[in-house]
Amino acid sequence: MDTNDSLRVASLWHSMHAISQQLSPTTGCSEIELLEADTFDLHIFQSLTGTKFFVVCEPGTQHMEALLKVVYELYTDYVLNNPFYETKMPIRCELFDINLTQAIQKDRVALLGR
Amino acid sequence: MQNAELFTLTYGAIVRQLLTDLEEVEEVNKQLDQMGYNIGIRLIDEFLAKSNVSRCVDFKETAEMIAKVGFKMFLGVTASVMNWDADGTCCSIVLEDNPLVDFVELPDTCQGLYYCNILSGVIRGALEMVAMKTEVTWIRDMLRGDDAYELQVKLLKQVPEEYPYKDDE
């Protein structure tokens, strides 16, 4: 997915998130956390500041909430703490990408045992 | 802590440079607040990610969070919360220890300077990102002769994220 595709998905999700809040059949429900489809699962984490993090994975993948929390920490360390990153712009921080890849690799090793 | 001194000296250098560049003490106060605000809007996510706290039930909990967890995490000191008003929307955060002001004495030419004004901006910016509009002002300042650092934090209003969808359109 290139930047434009990501932006399209993100804005689509932003609207769906708003609609789902209004449609929720249970009270006190604040957001969608998981979307289960035939070929993928979509996990979402929303911080208290409203920033949303998504991960798309194979159906049934475990520990995605933990991964999202790790990504949140990486975001605060390498993106927000970078004085040259402009908020709300696409993230082009090399350190973030490197650490993100490492975090996912570590996760895969833990999950697949290799 | 070795880097604490560097932090204090760096902050001091910033304030001195601002005084040289802006000359007016009131302008420096404003600039420090603005810098603090720019830090606060980013710092809040780091705070939330690292402290793993859940949403505060009310403003009282928010204030305690700032004083006990926030100040500890970022400045290594704990503060206390006191002087709540009747509706629980205004309180004071009191710091006895303040690493920003180690070695600092304000000269007479800097009357009216709020040396630590970056802190008021940080709190204001951080709270704004979690849907609270606040006013943060200094009540007591040890560099001005008081016995402690006291910040008044007043909740002006909650501003939950609004979606631009109206049912009747």
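Author: The account below begins with the helix pair and then turns to the sheet of each chain.

This is a predicted model, with an ipTM of 0.85 and a pTM of 0.88. For chain B the mean pLDDT is 91, and 94% of its residues reach 70 or more.

Which residues of α2(A) and α2(B) meet? From α2(A) come A:Tyr72, A:Glu73, A:Tyr75, A:Thr76, A:Asp77, A:Val79 and A:Leu80. They meet B:Arg42, B:Asp45, B:Glu46, B:Leu48, B:Ala49 and B:Lys50 in α2(B). By class, this contact has 6 nonpolar, 6 charged and 1 polar residues.

Within chain A, α2(A) also lies across strands β2 and β3, running at about 135 degrees to β3(A). These strands belong to an open, antiparallel sheet of 3 strands in the order β1-β2-β3. Its edge strands are β1 (34-36) and β3 (52-57), each of which pairs on one side only. From one strand to the next, the twist averages 10 degrees. Strand β1(A) is joined to β2(A), residues 41-46, by 3 bridges, and A:Glu36 has A:Asp41 as its bridge partner. Helix α1 of chain A, residues 3-23, lies across β1, β2 and β3 of that chain and runs at about 105 degrees to β3(A).

Chain B has an open sheet of 4 strands, ordered β1-β2-β4-β3 with antiparallel pairing. Here the edges are β1 (80-82) and β3 (132-140), each pairing on one side only. Neighbouring strands of this sheet are turned by 30 degrees against each other on average, direction ignored. Strands β1(B) and β2(B), the latter spanning residues 90-95, pair antiparallel over 3 bridges, and B:Ser80 stands opposite B:Val94.

Two helices of chain B lie across this sheet. Helix α3(B), residues 59-75, lies across β1, β2, β3 and β4, at about 15 degrees to β2(B). Helix α4(B), residues 117-129, lies across β2, β3 and β4, at about 160 degrees to β3(B).

Key
Residues numbered from 1 in each chain as written. Chains lettered and ligands numbered in written order. Predicted model: local features only at pLDDT ≥ 70, side-chain atom pairs only at ≥ 80, totals over all residues. Heavy atoms only, no water. Pairing = 2+ DSSP bridges. Axes fitted to C-alpha atoms, helices over the stretch in contact; angles between N-to-C directions. Contact = heavy atoms within 4.5 Å. pLDDT = per-residue confidence, 0-100. Nonpolar A, V, L, I, M, F, W, Y, C, P; charged D, E, K, R; others polar.
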